[in-house]
Amino acid sequence: MQAPSVGGVMLPRGNGESIRLSRGASLTDFAEKINANPASLVAVMMNLGEMVTATQSVSDETLQLLADEMNYTVQIVSPEEEDRELLESFDIEFGEDEGDEEDLVVRPPVVTVMGHVDHGKTRLLDAIRKTNVIAGEAGGITQHIGAYQVATEVNDEERKITFIDTPGHEAFTAMRARGAKSTDIAILVVAANDGVMPQTVEALNHAKAADVPIVVAVNKIDVEGADPTKVRGQLTEYGLVAEEYGGDTMFVDISAKQGLHIDSLLEAVILTADASLDLRANPNQDAQGISIESRLDRGRGAVATVLVQRGTLRVGDTMVVGDAYGRVRAMLDDNGNNVAEAGPSTPVQVLGLTNVPGAGDNFLVVEEDRTARQIAEKRAARERNAAFAKRTRRVSLEDLDKVLKAGEVQQLNLIIKGDASGSVEALESSLLQLDVGEEVDIRVLHRGVGAVTESDIDLAMGSDAIVIGFNVRAAGRAQQMAEREGVDVRYYSVIYQAIEEIEAALKGMLKPEFEEVELGTAEIREVFKSSKLGNIAGVLIRSGEVRRNTKARLVRDGKVVAENLTIEGLRRFKDDVTEIREGFEGGINLGNFNDIKVDDVIATYEMREKPRA
Ligand code: GDP
């Protein structure tokens with residue numbers, strides 16, 4: 001086979017060698033790897049039916065296609081891999097404890113509560129917190145920071161447990177999707193009066209996929225008709241066999257409402273951890289962990305809750321969290337108290353970051369501010385590239401004509417910015433669940449915590465997206481830019497309102513439905529022959545009005561004999577008119593349709609857009 005040549009210039013065709021490109025790379029990046037001129041790759045893509053510019057980020061498929069054509073094997077490096085390489089280039093290893101066995105000490109388990117909606121997850125998290133807050137001064141105001149720690153006594157020993165208190169497996173899944181492991185044990189809440197439900201199964205599948213042991217909390221045992229035994233039976237089918245039946249899953253019957261057996265549940269968590277996990281970490285190293293929740297606080301700036309997984313985090317440390325960085329100015333625990341340090345499995349709220357990280361972003365402490373900044377900047381650049389890659393509209397000639405012909409798929413692109421990662425995720429998942437028929441797709445191109453920025457508007461411009469600001473506003477010149485560029489930025493403070501409006505917008509985007517509306521009928525009284533115009537109908541308007549240029553059909557003896565005619569000429573006496581109303585006479589010319597007879601009825605109609613329900 002011949003090497004592809006463009007304009008007579010031979011391209012450096014490969015021999016199947018492998019090249020590595022990061023996700024969202026451009027043709028220029030590709031060209032650099034194979035020593036080619038970017039413009040020639042643009043031409044190659046054009047020959048393949050895709051219009052892309054040299055510097056634009058392209059999708060994985062495009063990179064693949066180009067590599068096939070040029071006879072290279074492309075290896076697209078995932079963001080996780082790339083991040084590991086990035087940290088390695090700074091001589092940092094993330095995710096492993098430093099030192100030897102003897103450096104490791106036992107750390108508390110980190111627990112997520114999952115289960116079907118309304119089975120009592122929130123209530124349980126409240127109940128646990130109330131009965132058992134560590135060192136919470138009496139009457140102290142507890143703070144919701146996204147996680148909290150409690151203590152329980154097991155075999156005369158005080159043991160701590162950390163709860164992530166964003167209930168629901170959405171958060172769990174979101175974090176896992178980003179390669180972050182935040183949870184050691186899952187409590188699966190099942191209401192004893194309701195039994196195993198779809199989300200129960202979903203939750204337990206998520207926990208299993210993540211290889212996280214499960215403790216089952218059979219809740220609402222105070223309710224009439226509660227049947228804890230049935231729940232045990234049902235869960236057996238999913239491989240969760242209760243200890244009392246010879247299995248190895250602990251089931252605890254509780255009432256979150258009445259605070260019944262909460263202690264036993266906590267004990268079960270500790271026993272499960274001791275039996276199946278080896279939870280130890282090195283507290284004497286630079287801290288590493290994961291961000292759980294973050295938001296922008298008007299007075300305090302970026303506020304992020306992080307879970308320390310190894311090492312000890314201290315005020316004054318320099319840290320990077322996702323693409324945010326900064327020196328820890330202050331730390332607060334879940335009681336709102338200032339703390340100076342936080343060891344493994346401790347959640348703390350951190351102040352002092354430059355911007356707001358995402359939920360599930362990893363964090364690490366580094367020696368130098370400069371290193372932190374560089375890592376954060378590299379990550380931010382990568383995020384931007386990835387976002388641009390996603391928005392890339394592939395203009396493939398093949399697809400284009402398919403889509404045009406079918407005219408079926410329309411897509412609403414969204415960019416969601418909000419004040420907290422939890423609300424952004426909640427909004428995103430509700431929007432994605434909107435069901436407005438198959439003709440429209442919702443796609444969230446980018447989501448994040450913080451103000452609407454110029455880079456959001458940039459992204460929106462390139463992809464015809466709508467920007468949603470949830471409890472945030474535009475920062476700096478973003479608003480002017482949006483106005484100048486005609487980008488629709490909408491602000492909301494109530495989730496359902498956002499959902500309602502988007503739903504309405506989607507309905508507007510749906511292909512309009514038309515219905516036929518009858519305008520008027522005309523009875524033919526006489527037929528005149530004109531040498532110039534053919535047959536002219538002398539009519540009496542029986543109902544409504546007949547307008548020129550409207551659609552018409554011809555009805556004879558109650559049957560439609562001709563469709564899709566047009567009122568081409570309309571006259572009263574000698575004058576051309578635009579309409580004739582009921583009760584008046586006139587002349588109608590149906591263009592070159594001449595098959596008209598006395599007593600035929602000309603019925604005119606138009607198609608009107610039907611408002612959607
Ligand atoms: P979630 O959707 O799983 O977070 O469920 P919630 O915690 O919001 O609880 C749903 C409803 O069940 C609320 O009205 C709770 O008050 C109620 N509930 C939760 N636990 C119990 C319980 O142990 N007994 C009774 N009777 N009601 C409960």
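Which residue in β9 is the bridge partner of Met 114? That partner is Leu 188. The model is predicted, so local features require pLDDT of at least 70 and side-chain atom pairs count only at pLDDT 80 or more, while totals for chains, interfaces and linings use all residues. Residues are numbered from 1 along each chain as its sequence is written, and side-chain values use heavy atoms, with hydrogens and water left out.

**Confidence**

- The protein has a mean pLDDT of 84, and 87% of its residues reach 70 or more; pLDDT is the predictor's confidence in each residue, from 0 to 100.
- Residues 135-140 stay under 50 in pLDDT, and the model gives them three contacts beyond four places in sequence; a contact means heavy atoms within 4.5 Å.
- The pLDDT is also below 50 over residues 390-409, a stretch with 30 contacts in the model beyond near neighbours in sequence.
- Where pLDDT is low, predicted coordinates should not be read in detail.

**The sheet**

- Six strands form an open sheet with mixed pairing, in the order β7-β8-β6-β9-β10-β11; strands (E, at least two residues) and helices (H or I, at least four) are DSSP runs numbered from the N terminus, and two strands pair if DSSP finds at least two bridges between them.
- β7 (147-154) and β11 (251-253) stand at the edges with a single partner strand each, so one side of each has no neighbour in the sheet.
- On average, neighbouring strands of this sheet are turned by 30° against each other, direction ignored.
- Strand β6 (residues 110-115) and strand β9 (residues 185-191) run parallel and are joined by five bridges.
- Across β6, β9 and β10 (214-219) lies helix α7 (residues 198-209), running at about 170° to β9; axes are lines fitted to C-alpha atoms, for helices over the stretch in contact, and angles run from 0 to 180 degrees between N-to-C directions.

**Helix α3 and its partners**

- The axes of helix α2 (residues 38-47) and helix α3 (residues 60-70) come within 11 Å and cross at roughly 95°. This makes α2 roughly perpendicular to α3, a term for angles of 65 to 115 degrees.
- Leu 41, Val 44 and Met 45 of α2 meet Thr 62, Leu 65, Leu 66, Glu 69 and Met 70 of α3.
- The axes of helix α1 (residues 27-34) and α3 also come within 11 Å, crossing at roughly 30°.
- In α1, Leu 27, Phe 30 and Ile 34 meet Leu 63, Leu 66, Ala 67 and Met 70 in α3.

Notes: Angles under 35 degrees count as roughly parallel, over 145 as roughly antiparallel, 65 to 115 as roughly perpendicular and the rest as oblique.
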